[in-house]
Amino acid sequence: MVLFGDDSSPTDGGTVTATDTLDPQAQAVVDDVERLGIPEWSALGVESARRVEDEVFAATDAPDVARSTNFAIPGPAGEIPIRVYHPAPGETRPVLVFFHGGLWAMGTLDSIDGVCRRLATRSRRVVVSVDYRLAPEHPFPAGLEDCVRATEWVAENAGSIGGDADRLAVGGTSAGGNLAAATCLHVREFGGPTIESQHLLYPMTDLSSDHQSLSENADGPLLTRRDVLWAHDTYLRSPVDRYNPFAAPLRADSYADLPPGYVVTAGFDPLRDEGAAYATALESAGVGVVHDHEPAMPHGFLSLTADVDVADAALDRVAHALKDGI
């Protein structure tokens, strides 16, 4: 496993921690958000949280991409809206199927639009953003079913969107990272398209309250311990699901034969330790993995690339891995 630090130089192994203080540019963004007086996600009703998330975090400065197209594909319980970003129409390009974050209860194609545009333009991949069903109306495994089906659809129809079905990756942020990891597990267990790599950006990989980072970063910034535990309860049908590896990939019996991984974690993120643990689990199973840890960053920092230099550089590295392979 290759572990990157805040100087972006690779080292072998290492403990994922936080710096003494948040990166100054990230702190400025956090200060701006806190001045808005937004309660924690867990303190809002689901509909209110969705509206706030859309208003505050929808991209307003995303770069142009050569072509973006909205449509819907058949899903297991109705249509699944998707948005396809093509950086070079007329060329056949590798594909990234991408799942937004939002604690499984929030998030839209618009809320992840900036990240998808940047990944498409920098990696030169076709990016397919998936608007999967959300909890609590559609608890586990509904969202995963949509993500698996979308991945299968892209593999079957890649040519129609200018994509190369033989170079198919999956990825996602936070809860979307969970869904990307679970999609890889599902394909391994039940069959499906060949997935080239999985790109898990500050992923939720466990449904436990025991990780040290949940206590260390209990009050955030941008995501709190209460938010994470609320998300667990919102997503799951019953406590039994906490041990289902398709809900909590860190609970899988084996990580062998999974696609190579690129895992991003952040020092000031409550999810830091479960993301790091997943990178370690992949490595221990002989799966190639790059773990990019940013000790001075908060949860969700790859959405802050316009204002935070460290975030911009980290997204560049994700795009480089997508472009040239892990």
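Aspartate 257 is situated in the loop between α7 and β9 (261–268), where helices (H or I, at least four residues) and strands (E, at least two) are DSSP runs numbered from the N terminus. Aspartate 257 adopts a positive phi of about 65° although it is not a glycine. Its relative accessible area of 71% makes aspartate 257 exposed; the classes are buried under 20%, exposed over 50% and partly exposed in between, for a 1.4 Å probe and protein chains only. A positive phi of about 65° is also found at arginine 124, again not a glycine. Arginine 124 belongs to the loop between α3 and β6 and is partly exposed, with a relative accessible area of 29%.

The structure is a predicted model, in which local features need pLDDT of at least 70 and side-chain atom pairs count only at pLDDT 80 or more, while totals for chains, interfaces and linings use all residues. Residues are numbered from 1 along each chain as its sequence is written, and side-chain values use heavy atoms, with hydrogens and water left out.

Two cis peptide bonds involve proline. One runs from alanine 135 to proline 136, with omega near 5°, and proline 136 is in the loop between β6 and α4. Another joins glycine 220 and proline 221, with omega about 15°; proline 221 lies in the loop between α6 (212–216) and α7 (225–235).

## Salt bridges

The count of salt bridges comes to 25, a salt bridge being a side-chain nitrogen of Lys or Arg within 4 Å of a carboxyl oxygen of Asp or Glu. Side chains of opposite charge can pair when their charged atoms come close. Within helix α4 (residues 142–157), arginine 149 and glutamate 152 are three residues apart, and therefore separated by about one helical turn. Their side chains form a salt bridge with an N to O distance of 3.4 Å. Arginine 149 is partly exposed at 23% relative accessible area, and glutamate 152 is partly exposed at 22%. Salt bridges with shared partners join Arg83, Asp110, Asp113 and Arg117 into one network.

Aspartate 113 and arginine 117 are paired at 2.8 Å, N to O, in a salt bridge. The two residues are four apart in helix α3 (residues 113–123), which means a separation of about one helical turn. Aspartate 113 is buried at 10% relative accessibility, as is arginine 117, with a relative accessible area of 16%. In the salt bridge between glutamate 196 and arginine 125, the closest N and O atoms are 2.4 Å apart. Glutamate 196 is in the loop between α5 (175–190) and β8 (198–201), and arginine 125 in the loop between α3 and β6 (126–130), so this pair ties together parts 71 residues apart in sequence. Glutamate 196 is partly exposed at 27% relative accessible area, whereas arginine 125 is buried at 1%.

## Nonpolar cores

In soluble globular proteins, nonpolar side chains tend to be buried together. The largest nonpolar core in this model has 66 residues, and Phe99 and Tyr278 have the most contacts inside it; such a core is a set of buried Ala, Val, Leu, Ile, Met, Phe, Trp, Tyr and Cys residues joined through side-chain atoms within 4.5 Å. Helix α5 gives the most to this core, with eight residues. A second, separate core of 33 residues includes Val29, Leu96, Val115 and Ala321.

With residues up to four places away in sequence set aside, phenylalanine 99 touches several residues, including Val130, Tyr132, Cys147, Leu179 and Thr183, contact meaning heavy atoms within 4.5 Å. Histidine 100, in the loop between β5 (93–99) and α3, is buried with a relative accessible area of 0%. Among the contacts of histidine 100 beyond four places in sequence are Met106, Ile112, Asp131, Leu134 and Ala175.

## The largest pocket

The largest pocket holds about 670 Å³ of space. A pocket here is an open set of points on a 1 Å grid over the protein atoms alone, where a 1.4 Å probe fits, with protein on both sides within 12 Å along at least five of seven lines; lining residues have an atom within 4 Å of a point. Points are joined across faces, edges and corners, and the volume is the space filled by probe spheres set on them.

The lining of the largest pocket comprises 30 residues, with Trp41, Phe57, Leu222, Leu223 and His299 nearest its centre. The elements giving two or more residues to this lining are α1 (24–35) and α2 (46–57), and α1 gives the most, with three. The lining divides into 14 nonpolar, 11 polar and five charged residues, with Ala, Val, Leu, Ile, Met, Phe, Trp, Tyr, Cys and Pro counted as nonpolar, Asp, Glu, Lys and Arg as charged, and the others, Gly among them, as polar.
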